[in-house]
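I opened this notebook to record what I looked up, in the sequence I looked it up.

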Amino acid sequence: MPLDTPVPQLPTTLGTLDALAFVPAGTKDDMTIVGQLGQTLDGRIATITGHSRYVNGPASLMHLHQLRACVDAVLVGVGTALADDPQLNVRLTKGRNPARIILDPNARLAPTAKVWHEDGARRVWLVSNTPASPIPPGVELVVLNASTGNIDPRDILRALHARGLKRVLIEGGAETVSRFIRAGCLDRLHLLVAPIIMGSGRPAFNLPAIQTMNEATRLNTKAYVLEDEVIYNIDLSSQRLPIDFSNTSENR
Ligand SMILES: NC(=O)c1ccc[n+]([C@@H]2O[C@H](COP(=O)([O-])OP(=O)(O)OC[C@H]3O[C@@H](n4cnc5c(N)ncnc54)[C@H](OP(=O)(O)O)[C@@H]3O)[C@@H](O)[C@H]2O)c1
């Protein structure tokens, strides 16, 4: 999309949930990357054992399914795929199932995982090491370079862009979303805050340590109250770096 293309305007007739799920086109290139995390008041997305079903209540879960319905692809890290065995489809609202992308550098996910279920949606396995186990039927294997265990999120986005997947929901977990933030690869983040204090558990973010509050970024945010939860729709466009789609690390 040329940079002078107007960003689609939010339809005014929508209810709060529908309006929140509206994903405008990106402003830096022709991809729009949205992150989401459901966290407690004390910033936890799962217990110390990795249990996270469910941090959020029905309204926020409905919002998540609406978000899924309006993107081309939903991506999770293998930590989430292993802990939750999610389906990553659209069940709580009407809509098309997005492509399911699993970021799994060491190809740890079993062929029996629910995300591989054949339901007509595209399924993509992003790895940096060739799987020892068989590739499930219909699953597209994409091999990307990793340096010191990290696949550059820009390489991930280039691989998705090359497959026509331009609106992408990064659905977790903490490590995956944090690496996209660190790489300047999120246009916005939906943070769904539930009225729970866990007191322990896995933090929502893993970002570089800061020493003083001067180094903290105060975010451009709009908050919506949904029943007893708050959804922060956070605009990260000022941190988002444009992607050069001609440059690829993909091993085709
Ligand atoms: N409340 C919520 O909204 C929510 C949402 C999702 C998940 N969760 C919970 O969060 C927990 C999982 O989160 P998590 O942070 O532990 O794991 P995660 O983000 O789901 O997955 C992390 C793993 O994915 C791979 N990975 C991610 N980004 C990568 C990159 N740029 N390059 C290479 N590899 C990359 C690495 O795999 P390797 O380890 O193989 O290198 C990494 O260890 C689970 O307990 C789940 O239930 C909660």
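Which residue in β4 is the bridge partner of Val-74? I found Arg-100. Before going further I note that the model is predicted, that local features need pLDDT of at least 70 and side-chain atom pairs pLDDT 80 or more, whereas totals for chains, interfaces and linings use all residues. Residues are numbered from 1 along each chain as its sequence is written.

Entry on the sheet. I looked up how β3 and β4 (residues 99-103) are joined, and found 5 bridges between these strands, which run parallel; strands are DSSP runs of E of at least two residues and helices runs of H or I of at least four, numbered from the N terminus, and two strands pair if DSSP finds at least two bridges between them. Both belong to an open sheet of 9 strands with mixed pairing, in the order β6-β5-β4-β3-β7-β1-β8-β11-β10. At the edges stand β6 (140-143) and β10 (220-226), each with a single partner strand, so one side of each has no neighbour in the sheet. On average, neighbouring strands are turned by 20 degrees against each other, direction ignored, with axes being lines fitted to C-alpha atoms, for helices over the stretch in contact, and angles running from 0 to 180 degrees between N-to-C directions. I also noted that α5 lies across β1, β3, β4 and β7 (167-170), at about 135 degrees to β1.

Ile-101 touches Ala-73, Val-74, Leu-75, Val-124, Leu-126 and Leu-160, leaving out residues up to four places away in sequence; contact means C-beta atoms, placed from the backbone, within 7 Å. In helix α4 (residues 153-162), 8 of the 10 residues are buried, Leu-160 among them, where buried means 20 or more other C-beta atoms within 10 Å, exposed 12 or fewer, and partly exposed in between.

Entry on His-65. This residue lies in helix α2 (residues 58-69), and I found His-65 partly exposed, with 17 other C-beta atoms within 10 Å. Beyond four places in sequence, His-65 is in contact with Val-90, Arg-91, Leu-92 and Thr-93, while Asn-89, 24 residues away in sequence, is 7.6 Å away, C-alpha to C-alpha.

Of the 30 residues around the ligand (C-beta atom, placed from the backbone, within 6 Å), Gly-77, Gly-79, Thr-80, Gly-172 and Gly-173 come nearest. The elements giving two or more residues to this shell include β3 (73-77) and α5 (174-182), and α3 gives the most, with 5 residues.

Definitions and conventions
Contact = placed C-beta atoms within 7 Å.
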